[in-house]
Amino acid sequence: MDIKLKKYSHLLTTKVIVFMLMITCFAGVIKAFVDVEDVNNGDLGIIFEENYFLSQAYVQESEPIVSSLTRLLGEFKNEEHILTGGTMNEAELRSEEQELYSDFQFHSKSYNPKLSEAENYEKFKTDYAEKISQVRDQQIKNELREFHFLLQRLEAVEGPLYYASDGVNEYTNTTKAEKERFLTYPSYMLFEEYKTELFPKEVTENDHFYPISENIDGLDPQSHIVAIAFPKEFLDVKIEEWKETKVITTAIFYRLLAFFTGFILSFLYLLLVTGRKSFGDEKLHLHAIDKLYVDINIFLGIGLVILWVALLEGIVSSTIDKMIIPITIPISSAVFVLILSVVKHVKNGTFLRHTLIYRIFNRLFQFVKNVYESGSVGVKTVLLVIGYPLLVAATFFMFPVTLGIAAWFAFKKIKSFIAIKEGVERIKDGDIHHTIEVAGKGEFASLAANINSITDGLNKAVDSELRSERLKTELITNVSHDIRTPLTSIITYVDLLKKEKDPAKTEQYIEVLDQKSKRLKILTDDLFEAAKASSGTIPVQLERIDIVSLITQGLGEVSDKIEDFDLAFKFSHPKDKVYVAADGKLLWRSIENVLSNIFKYALKGSRVYIDIEDLDSEVLLTFKNISAFELNISADELMERFKRGDESRSSSGSGLGLSIAESLIDIQKGKFTIQVDGDLFKSMIYLPKYKK
């Protein structure tokens with residue numbers, strides 16, 4: 001089953017069928033939205049309303065009546081109140097007068113700049129009295145028009161009964177305006193003396209009631225009363241209409257949900273498979289439509305959407321149900337084809353590079369870059385002199401911005417030049433550790449980088465020279481000390497031997513001379529080997545070495561020393577054979593030096609760990625032991641020649657073993673390092689793996 005799905009999932013026929021399904025579902029979604037708009041003004045909330053008294057429809061029947069009554073009581077009162085200017089908006093009137101006064105200042109001959117503002121204003125009120133009166137009359141007319149509009153809206157109310165009074169003015173559509181009369185109806189609203197009475201009680205839980213509450217907040221609770229009642233006949237009709245609307249809206253909602261789900265699933269499927277011929281296909285396949293530039297593609301899509309909206313708005317509401325599908329299907333098909341083309345370029349990583357704007361600017365940039373990089377400073381200057389006026393001419397409408405960018409660019413270049421100049425001065429004066437900071441790229445950045453490279457090389461040369469001088473001094477001191485000790489003993493015992501007549505003592509002296517001469521030979525050989533190893537003149541023949549076998553065989557050869565020093569060796573290595581590219585003799589000499597270092601300085605009775613790790617391209621050989629002496633010096637110092645783990649130099653070593661091992665590993669293209677952690681001493685040898 002899975003094989004069949006994989007076979008048909010990316011077929012062109014499958015994609016076309018799914019695309020048609022997607023367009024059908026999309027058109028269905030749009031049609032469902034239009035139907036909801038026709039049936040219930042686009043309100044889907046009716047689906048979740050439990051009954052009519054919790055609905056928005058109930059509030060919509062009441063809110064216009066409450067709004068009109070509260071405005072009549074709170075703002076207009078009555079017609080006489082409006083005619084006497086009781087509703088006059090003083091702020092608006094002052095604004096109109098100010099506009100007239102501005103006209104007086106600029107156009108009236110009566111305005112005298114030599115007079116004070118107050119005197120001119122008095123002249124203005126005299127000259128413009130008629131216009132000011134007209135403004136007041138016009139405002140009163142506007143208020144009267146709004147007042148009669150509210151009365152007409154209330155007169156048009158059929159069904160609900162209302163009553164509003166402020167103690168003087170009354171507005172009602174019933175002759176029985178007693179408060180108790182309103183309380184006999186199956187649903188009513190009563191707002192009086194800080195109290196709000198609503199029936200039935202469910203109305204208090206209506207989430208849409210806030211517009212009515214906002215209108216009631218503007219009433220005077222001490223004198224105003226507003227009552228609205230809904231007769232049973234009116235409620236029965238509205239409840240039945242609400243139920244029918246809810247049933248129709250619910251059916252449309254489920255249809256909308258089904259079409260939307262189908263659209264999303266089919267669209268996601270097309271997003272997944274577009275441009276591919278199978279799930280494992282890494283190559284993206286483009287078609288003729290995909291040659292269209294992405295930005296042109298997007299503009300076309302937006303244009304089609306605008307055309308679709310314009311066509312729908314131009315259709316009269318009576319025919320929109322018939323025309324929505326024929327208009328939506330062809331336009332949406334074209335838009336989604338363009339969208340899937342954009343998706344292909346996103347998958348292909350060419351979303352930005354396949355835009356017309358990118359192509360134009362990229363070619364222009366490459367042209368300028370090629371000329372700029374291939375030419376001398378003179379060519380670049382000429383290019384700048386010619387190019388900048390052209391840029392200004394092309395952007396004349398934003399010349400200040402262009403000028404600002406040019407000034408900023410020049411400031412940055414001058415700042416870089418000053419930084420280089422000051423940096424060179426400091427370096428010339430002896431501050432060789434100074435670094436010239438120039439951000440970005442270009443001539444100045446390249447020049448600063450080159451100067452910094454010179455100072456870095458100079459710093460390294462100075463540090464290397466200082467280190468070399470220090471090592472030479474220590475080398476002379478250490479060599480002098482280590483050679484003088486056995487040499488002094490030899491001279492002393494030779495003198496004693498000349499004078500000694502006792503054969504037993506003579507034999508004893510000869511034995512001491514033999515030991516000291518051998519010690520002197522060892523020091524001389526180590527010094528010679530160290531010099532030879534560090535010079536790199538030793539011939540190296542790299543071959544395949546089984547590192548596990550080499551270590552195993554070597555440990556067997558030094559088993560006597562292991563027993564003498566009471567050391568327990570723990571050897572850990574991979575199960576499979578591990579081969580390294582190395583010179584067998586030189587590698588064993590390096591390992592022998594490390595083992596010799598362990599025998600000399602390891603704590604007796606302790607354990608020594610040897611680990612071999614396969615690190616893909618190289619092999620790590622690690623030796624770990626506990627030092628018998630306190631390691632109060634750093635790993636770098638221990639790697640120096642003639643440096644021993646015990647500062648007293650009481651041990652028998654020459655201090656050259658680790659240095660020789662490092663040099664021998666280096667010439668085999670490996671790396672030798674040591675680490676010190678408390679009394680734990682680690683020697684690590686990195687060797688390249690053998691490759692056929």
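Modeller: The axes of helix H2 (residues 12-40) and helix H10 (residues 232-273) come within 8 Å and cross at roughly 155°. Angles over 145 degrees count as roughly antiparallel, so H2 is roughly antiparallel to H10. The crossing of these two helices, H2 and H10, is left-handed. Sorted by class, the contact of H2 with H10 has 20 nonpolar residues, eight polar and four charged. This is a predicted model, and everything said here should be read as such.

H10 also packs against helix H12 (residues 320-348), at an angle of about 40° and with the axes 9 Å apart. That angle makes H10 oblique to H12. The crossing of H10 and H12 is right-handed, whereas that of H2 and H10 is left-handed. On the H10 side, the residues that meet H12 are Phe263, Phe267, Leu270, Leu271, Leu272 and Val273. Their counterparts in H12 are Phe336, Ile339, Leu340, Val343 and Lys347. By class, the contact of H10 with H12 has ten nonpolar residues, no polar ones and one charged.

The largest nonpolar core has 45 residues, and Leu69, Phe191 and Ile212 touch the most other members. H10 is among the elements that give two or more residues to this core. The other helices in that list are H3 (56-76), H5 (90-107), H7 (129-155) and H9 (210-216). The strands in it are S1 (161-165), S3 (187-192) and S5 (225-230). H3 provides the largest share of the core, eight residues. In soluble globular proteins, nonpolar side chains tend to be buried together.

Leaving aside neighbours within four places in sequence, Phe191 is in contact with Thr196, Leu198, Phe209, Ile212, Ile216, His224, Ile225 and Val226. Apart from this core lies another, of 36 residues, including Ile547, Phe569, Val619 and Phe672.

Asn169 lies in the loop between S1 and strand S2 (170-172). With a relative accessible area of 12%, Asn169 is buried, because buried means under 20%. Beyond its neighbours within four places in sequence, Asn169 is in contact with Leu73, Lys77, Asn78 and Ala164.

Ala419 sits in helix H15 (residues 399-428). Its relative accessible area is 25%, so Ala419 is partly exposed. Setting aside neighbours within four places in sequence, Ala419 is in contact with Ile436 and Glu437. Ala419 and Ile436 are 17 residues apart along the chain, and their C-alpha atoms are separated by 6.7 Å.

As for the setting of these parts, the protein has 22 helices and twelve strands. Buried residues make up 36% of its 692 residues. Of the contacts with a separation of 6 or more, 70% are between residues 24 or more positions apart.

Notes: Residues are numbered from 1 along each chain as its sequence is written. This is a predicted model: local features need pLDDT of at least 70, side-chain atom pairs count only at pLDDT 80 or more; totals for chains, interfaces and linings use all residues. Side-chain values use heavy atoms; hydrogens and water are left out. Axes are lines fitted to C-alpha atoms, for helices over the stretch in contact, and angles run from 0 to 180 degrees between N-to-C directions. Helices (H or I, at least four residues) and strands (E, at least two) are DSSP runs, numbered from the N terminus. Angles under 35 degrees count as roughly parallel, over 145 as roughly antiparallel, 65 to 115 as roughly perpendicular and the rest as oblique. A crossing is left-handed if the near helix is turned anticlockwise from the far one by less than a right angle, and right-handed if clockwise. Ala, Val, Leu, Ile, Met, Phe, Trp, Tyr, Cys and Pro count as nonpolar, Asp, Glu, Lys and Arg as charged, and the others, Gly among them, as polar. A nonpolar core is a set of buried Ala, Val, Leu, Ile, Met, Phe, Trp, Tyr and Cys residues joined through side-chain atoms within 4.5 Å. Buried means under 20% relative accessible area, exposed over 50%, partly exposed in between (1.4 Å probe, protein chains only). Contact means heavy atoms within 4.5 Å.
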